[in-house]
Every structure is written in C-alpha cells, then in structure tokens.
Amino acid sequence: MLVLLLVLLPVLFVLLTLIFNERQAKNISLFGSLATLVLGIYTFCQFNADPTNAGFNYHVSWIKAVGADFHIKVDGINIILVLLTTLLVPFIIQSSAGRIIKNPKSFFSLILFMQSALLGVFLAKDALLFYVFWELALIPIYLICLVWGADGKEKITFKFFIYTLFGSLFMLLAIIFIWLHNPSMNKSFSMRDFYLIGAHLPARQQLLVFIAFYLAFAIKIPVFPLHTWQPDTYVNAPTQGTMLLSGIMLKMGAFALIVWLIPVVPLGWQLASKWVIVLSVISVLYGSFMAIAQNNFKRMLAYSSLGHVGLIAAGIFAWNLQGVQGALYQMLSHGINVVAIFFVADIIFNKMQTLEMNKLGGIRSVSRVFSVLFLIALLGSVAMPLTNGFVGEFLLLHGLFQYSTIACVFAGLTVIIGALYMLRAYQNMMHGETNSLTEKFGDITTNEKILLACFAVLIIFFGLFPNLILHVSEQPVKELIDHVHSVTNIIVK
Amino acid sequence: MKELLLLSSLGVFALIAEMLNIRKLIYPLVIIGLLLNIGLCVNDFGQNELVYGMLKLDRVALTFTILFSFIAILWFTFARDYFIDETNLSDHFALVLFSLVGVFILTSYTHLVMLFLGVEILSIPVYVLAGSDKRNIYSNEAAFKYFLLGAFASGFLLLGITFVYGAIGSFNILQLVSASMSPFGISQQLLIIGLVLILFAMAFKMSAVPFHFWAPDVYSGAPTVITAYMATIVKIGAIVGFYRLFSIVNSFFSYYLGILLLISVLTIVVGNIIAATQTNVKRLLAYSSIGHAGFIILGITMLSSATAPITWYYLFSYALSSIAAFWVLLIVSQQTDSEEISAFNGLIKRNPVLAGTMTIALLSMSGIPPLAGFFAKYFILINVIGKGYILIAVTAILASLIGVYYYFKIIIAMFTGTSENANGIPVSGFSKLVMILISLLIIIVGVAPDLIFQFIFSKN
C-alpha cells in the first residue's frame, strides 16, 4: 500500500490544487510535494530496514485479456530514483516563488501530475504499465512547455513531442514482440517474464529488440545523434519545465537502460555495446565542446547536460558494478546539480533579463552569498571531490575504464572540458567589473538564498556520504549484472 | 425480432408525431426506446434467435446492436441541440431511426438479400439527410455525390450477391462453408468473383481506399450533425456488415487476404497523410475517419477469436471520440462561422469544458495512453505482429504518428492560439454534462479495458 500511496498522493494534490483558487495553488501543491517527499524519505528508511515489507509491492490484475497487471514495486534500484523525484519536485515548485506565473492552478497541477507519472515509470514492474506511464509523463511536460514557454515554443515543443513519441512507438513494438514470444499459454507483461523470454531469444532477434528499445531511450536521454530536440526545448521551456526535463525526465531513459533494456536482451547488449558506448562517448564530447561555444548560459547548460548524461549512458553500457552504481549515483547527483544550476540561471535571468554571458560580469561584488552558493553548485557539476558529482563521475569513469581504456580516456575529457566552460562562465558572469546592467543586480531574495543553501548542503552531503545510497542498490545491481553475464557467458574478472 | 419492431416503430412514431403535433415528446421517447432496445438485447443473450431464417441474433449481432443503440442515444442528444429551431425535427429523427433499422439488419443478417436490404435501408435516409441543408450548395453536392456513387456501389453489391447465389445455389452465408468444399470448378471462380464484388461494395460504404473519394466531399458538405452520424453509426453498420460476411469467408479463402491487407494498409496511410494537409477541421475529421476505418479493417483481416471484441472496442472508443469532436466542432463553427483550425484558437480560455472534451477526444483518436484509443490500436497491433506482419505494423504505427501531428494542430490551436473574439461560448448545462460524461467514459474505458471485455463478452 505504501507504494500505491507514493503514486497516488501527487494525484490527490492535483485535485486539491484544481479545486481551490489561484492564489492558493502554489502553496497547496508545495504542501503536496513536501508530503510526497516525507513519504519518499520514509519509504527509503523503511526499505533500508526491511526490504521485504509487503507494503512495497502492489500487484493487481489489470487487463486479463492480454495478461497485463498493475504491478508497482519498490526495489533497491528504483528507490534511488523515487528519492530523486520526491526530492526535486518541492524545490521545483518553490523555485517559482517571487515569479509571476499565469494560470498557476493549471501549472502546478501539471507539475504534480507529472510527478505521479514519473513515479509510476520508475516503480512499474509490468511492461505495458511502464509504457503507459512513460507516455503519460509526456503530456504534462508538453503542455507546460507549450503554454508557459518562451517564443517559438509551438514548433519546438511539437518537435520534442513527436521525436519522443516516435521512439516510444518503437518501444511499443519491441514490448509486443517480446510478449508474443512468451512460450507459455499465459502471456504476461511482467518484468520477470520479460527477462526470461528475452534471454532465450536468438541473438539476432535480441539485437533487433535492443535497437527498438534503445531508440526510445536514446531519444529520451538524449544521446547523439538523437539529441537535436534537446537544446531548443531546454532553452524555450519555462524554468520549472527545464528542471523537470533535465532533473528527472531524462533519468527515465537512463533508468530504463538499466532495468528494461540490457537485462531483457543481454545478447543484444553484447553485440551492440561497442557501438552504443561509442555513440555515448561522442555524445559526451559533442555536448562538452558545444558547451564551450555557447554564449547563452542556459544553452550552455543544456549542452553540458547532454555531455553529463552521455557519460551516464556510457557507464551503464559498460555494465559492471562500478558503472551501474556510478550511473545510479550520478543520476541522483546530476539531478540535484542541474536543478540547482538552472535555478541560478533563472535568478540571473529574472534580474538581468538576459543570459548572454558577454553582457554580464561582476555580479560577485554585488551579491556575495549568491556567488558562493553558485560556486558550490558549479563545483558539484564539475565533479570536484567532496561533491556528489565527484562520486558519480569517478564511479562511472572507473566502470568505463574496466570496459575500455580508450573510451574512458575520451570520456574523461569531459571532466576537464566541463571545468573549462563552467569556470569560464562563472568568471565571465561573476568576476570582473560590474557594468551598467549588473549594477542593478541587488541581492537575491531570502527564498532564493534558502533554496540555494539547501542545494549546497545536499551537494556536499551526498559527496561525503555516498554509501547511504550506494549500499541500497548494490545487491539488486549485482543480481542484474550476474543475470546478463550468465546469459552472455562473460567471465567477470 | 423485438428489436427490429422496436426500431421500426420508433421511426414510424417520429413521423406520426409530426402529424399529431407532439414534437416535444419525440426526443424523450426515442431515448427511452433506444434504452429499451439495449435492454432487449441484453435479455436476448444466448438465445440465438433466428428471424425468418434471414437474421440471426447471435452474440455479434446483439453486442453491436447495444453499441450502436448507445451511440445513437449520444447522437440524438447532440442532434437535439442543432434541430432546436428546425421545424422538421421529426422528419430528420424519423429518417435516422429508419436508418438505424438498416444498421440492425447489417449486424444480424445471414441472408445475402438482407445484406443488400440493410445497406440500402442504412444509406437511403443518409442520402436525403446529407442534402438536408437545402440552401447550402455543398450540401446538395454532398447528397448528389453520395447518392450517385452509393447507388453504383449498391449495383456492384447486387451483382456480387447474384454471382454468389449462382455459385452456391443459396443466399445463406452460413452455406459458404460447405461451398468451399465443392468440387465444381466454375462455381468456385464465380464464388470468388462474387465475393470480391461484395467486398468492393462494402469497402465503398466503409470509405476504404481506393473507394473513399466520396467521403471527404460528402462529410464536409453535409450538415455537421449528419456528418457525425455518418462517421459513427453508418461506419459501424458498414464495418459490422463487412465483418459478418468476411469472418466466414476469410477463414478458408486465402485469396482475400492479399486484397484486404492492401486495402487496409492503403487506407491507413492515405487517410492519415491527406488528413495532415487539411486546415478545414471537418474535412480533417473525415480523412481521419478513413484512417480509423483502415485500422479496423486491418484488425478484421487478422481474423482470430478475439476479432469481434477488439473491433467492438475500437468502434466504441472511436465513436465516442467522434461524437465528442463533432459536437465541439458544431458549437465552435456555429459561434465563429468557420470550420478552419483557426476557429479553435484559444478555446481553452473561451470555454474550458469544450476544449477539455475536444482534447480528450483527439488524444484518444491519436492513440495516447491511457485513453481508450491507445488500447484499441494496441490490441489490433498485437494481432498484426502476432501473425508476423511486422512491416505492416510499423507502417500502421508511423501512420498513427502522422495522425498525432494533425490532431495536435488542433490541440495546439486550442491552447495557444489567440482569437479576436475572446467572448466565452455559451453551452447549455445539459450539453456540458453529457460532454463531460463522454470524456470520463473515454478515460475509464481506456484505464480499464477489462470492464468492456468481461462485461460485454462474458455473457456467452
């Protein structure tokens, strides 16, 4: 029941937000998201204590005709992402304080509805249910970007929508294909059965299914060359939309790689791993180099995000304990860091009406607190030791190194290039002389200070105590890795 | 038999009501009559009544009769608003009720002459209704085009039936089974040709490619209420009529598989691609209905024991969304005197209920989970892939993606378009209620498709 409550609580607050009037919308939705956060932390602690509690599993029959069940379950891997989602949404909602949002009721209820759909994606243990939640998560973010986005939003958001849907449809084909190849009379969509069926398919078919699934997830993450929707969408979306997209939604794709792609078609992974790692590393380098070339801070962050998630994808495909653990941890860290930095961008844009870095400068002298907190978030993104970003990137690079030294070397360049563009951005915007524009910066509001301070605390906390999270997922990750290796007969050194 | 009598007498009553000047009673009595019809069908489950040896009220007949009766109830509610000023409300209702008799015959026939009779009884009132907006030249054109081409198709139908009779010596479609075992060569060829001609005629009625050319002009010329009728109930009749015959034929004549696959794939592709180019919403919905018909034909081609429930489910979700979409279109086009997509600009501000209903209907038609339209398409795709036609499934999926494009053109206009006329659009409370009910039904049927399958199909 606990797990059902996790998915339904945001929906309850969607209804509450819609009932009351516009002025209360933000407060009600904030309260709802905080309640869900409490529930999420409670679930995490309970899971730590006793993973076999029945409250973590909810399984009822849904469509008997095709063998689809409504099956959601908390396990060591998705609890991390549940924690990420429940952690970030209150920040996302509160980041809108002091900003004018038209139609706040619809806006905040869409955010909460999306939270519910995202939790459903992570918790689903049934392929059809997973697909339904995956598609369902697309609708609110589409509406958020469409109605509250910047100019030119119709074309850009539509491109985003069609692109993602295109990938999802191929995932649907793959799901149906595996469902049909169930040798028993009772067809089912359950994850367990998919692992069993997929493992017994001939290698060629596994490769085809791999490609179909990969298409969907690669578009979502995104990975080069299916990334072209990302920079425009990030820049044009409202800040909260960008935070939802980069903080949580793209983790859907990475999560699906770990749980719905590789264990389902291990031979497909074995055949394709070289190529997808190459694509991921290209993505890392492409994102990083493009970030250097940007003058618009938000656009630079979009490309930087592309680079970071390329590394996550590469680490996952290396498929060893460090790689996958690193990917899970980096999902958590990157989520926190990227939301923090987009919040910084939002603060700057709110005051300066521009994010062109050559037009800004010297903000440090105007707002000391802001510059310190900005720097901490930035260092987390750059993966400086003591921050959460360091733990994630180190584990990822370690995992990638075990797979291929060359790949690791190229991917490791992201650390250096990342430092380059981030620190240069910081230098351009914060250091130096104030000009006529930035003189009027003023200090940041208390709300902004508190939020940024919370982010800073989280960044350092997760940098100092990674094992809190890592030990929860260690066992399930080991089981998945062993499952795949047993099918592909790889001897783990 | 009871259902037949009930529907016919409802039609006669509607005519008489005009003479006796009790027009106000027509709508309530028609609704009660249709509800009674549903009740009779539920009651008749399992009895397999044979009416004069020509109609068999088996499971398919009764479930689809329940379907079209329910959709007809929704249609009459929708049409009542439109006809409120018309003096010939009863004439229109009578024609529609008689046409419903035709649909009933098409869901339950076993005699080929009944097939012809059903098609004619279904179509002739619709020919008249399509032209009912006498002052509009497009309406006249629609009626004329539909009548001419429809009569031509009926000629093919009759010729096909004659050939089949010549081949097997009987009008009873159940005897086609034994006919396939017949060693007489000439009869075999005649039978095949006859069935192909019937197929072409039914494809015309279902607006399948390449027999669809009448559909866009007729749909956009006819009054919107009648277009809604054509897009939902006439399609149900044609499709079920086609299904009854070809479910028997398909199981042992592999010749038709190729033709049917070709027709269905062409229909899906052509319907969706041309719809993407439309800016007139009525024409867009017409082409999209062609696309949906293609999906259903594809589902029927993949014949299996699950075909009847899947077809029912698809027709149900499609008809619900269609009625909702045409209803909103009618109100918006009456308000703004335009049927273009731009008429929907900013509808979310002018009337949220209308915009919400339209959004849910369009999302369902484009196949977005967890709405009914997604599962409908999905069940058909399972069958297609299960039989091994992966390329066809991919084509159908890509065509649906194109569908998303044009449905979203309307949704985007509703949410972000700006219109000069920023006044709210008045809609009666009763209409709003029914629209919200339809939207809820689409969502519920989508979230729990098992309700339909267990509820309707567990009765046998």
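## A helix, a hairpin and a chain contact

Helix H17(A) is followed by Gly432(A), a residue whose phi is positive, near 85°. The model is a predicted one.

Among the buried residues of H17(A) are Ala407(A), Cys408(A), Ala411(A) and Thr414(A), together with Gly418(A), Tyr421(A), Met422(A) and Ala425(A). An α-helix has 3.6 residues a turn, so residues three or four places apart point the same way. The cover over the buried residues of H17(A) includes the helices of chain A listed here.

| Helix of chain A | Residues |
|---|---|
| H11(A) | residues 266-293 |
| H12(A) | residues 297-318 |
| H13(A) | residues 321-352 |
| H14(A) | residues 363-366 |
| H15(A) | residues 368-382 |
| H16(A) | residues 388-403 |

Elsewhere in chain A, strand S1 (residues 57-63) and strand S2 (residues 68-73) pair in the antiparallel sense over 6 bridges, and Val60(A) has Phe70(A) in S2(A) as its bridge partner. The two strands S1(A) and S2(A) form a hairpin with 4 residues between them, and Gly67(A) in the turn has a positive phi of about 80°.

The contact between the chains takes 22 residues from chain A and 20 residues from chain B. On the side of chain B that touches chain A, H17(B) provides the largest share, 10 residues, and by class this side has 17 nonpolar, 2 polar and 1 charged residues.

Conventions:
Residues are numbered from 1 along each chain as its sequence is written. Chains are lettered from A and ligands numbered from 1 in the order in which they are written. This is a predicted model: local features need pLDDT of at least 70, side-chain atom pairs count only at pLDDT 80 or more; totals for chains, interfaces and linings use all residues. Two strands pair if DSSP finds at least two bridges between them. A residue is buried if 20 or more other C-beta atoms lie within 10 Å of its own, exposed if 12 or fewer, and partly exposed in between; C-beta atoms are placed from the backbone. Two residues are in contact if their C-beta atoms, placed from the backbone, lie within 7 Å. Ala, Val, Leu, Ile, Met, Phe, Trp, Tyr, Cys and Pro count as nonpolar, Asp, Glu, Lys and Arg as charged, and the others, Gly among them, as polar.
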